[in-house]
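I opened a new structure today and kept notes as I went. Here it is.

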Amino acid sequence: IQADGTDGDCVTFVLHDEDHTLGNSLRYMIMKNPDVEFCGYCITHPSESKINFRIQTRGALPAVEPFRKGLNDLMGVCQHVLNTFERSMKEFRAQK
């Protein structure tokens, strides 16, 4: 991950080897934060596997904080989905 921005409250992160799967999910998680004024991403080019991810906060919070929180929240959601899936598979196999 590379970060570019002169202000701490408006930063563009470059995520290498990523696409819409992470970009859209992470954008959703970050936009739930009321301190975030803008959050968006773009794919630089279809032949490149990197995204530019921009976060702008309302000024009281550095942009890296909602980025970090969004990643942690997304990992928590993914872990919950995985645990639920594994539990359901275990119950299904036990019924057979």
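**Entry 1: the model and its record.** I am working with a predicted model. I checked UniProt for annotations. An unreviewed entry there gives residues 10–83 as "domain: DNA-directed RNA polymerase RBP11-like dimerisation". I then looked at that span in the model. Its end C-alpha atoms are 35 Å apart.

**Entry 2: strands E2 and E4.** I looked up how E2 and E4 pair. They run antiparallel, with seven bridges. Six of its seven residues are buried.

**Entry 3: Thr57.** I found Thr57 in strand E4, which covers residues 50–57. Is Thr57 buried or exposed? Its relative accessible area is 1%, and buried means under 20%, so Thr57 is buried. I followed its side chain next. The side chain comes to 2.5 Å from the backbone oxygen of Leu61. I then listed contacts, leaving out residues up to four places away in sequence. Thr57 touches Asp9, Asp35, Val36, Glu37, Pro62, Ala63 and Pro66.

**Entry 4: Asp17.** I moved on to the loop between strand E2 (10–16) and helix H1 (20–31), where Asp17 sits. Asp17 is not a glycine, yet its phi is positive, at about 60°. Asp17 has a relative accessibility of 62%, and exposed means over 50%, so Asp17 counts as exposed.

Notes. Residues are numbered from 1 along each chain as its sequence is written. This is a predicted model: local features need pLDDT of at least 70, side-chain atom pairs count only at pLDDT 80 or more; totals for chains, interfaces and linings use all residues. Side-chain values use heavy atoms; hydrogens and water are left out. Helices (H or I, at least four residues) and strands (E, at least two) are DSSP runs, numbered from the N terminus. Buried means under 20% relative accessible area, exposed over 50%, partly exposed in between (1.4 Å probe, protein chains only). A polar contact is a pair of N or O atoms within 3.5 Å; within protein, one must be able to donate a hydrogen and the other to accept it, and residues adjacent in sequence count only if both atoms are side-chain atoms. Contact means heavy atoms within 4.5 Å. UniProt positions are given in the numbering used here, feature names are shortened, and annotations may be inferred rather than shown by experiment. Two strands pair if DSSP finds at least two bridges between them.
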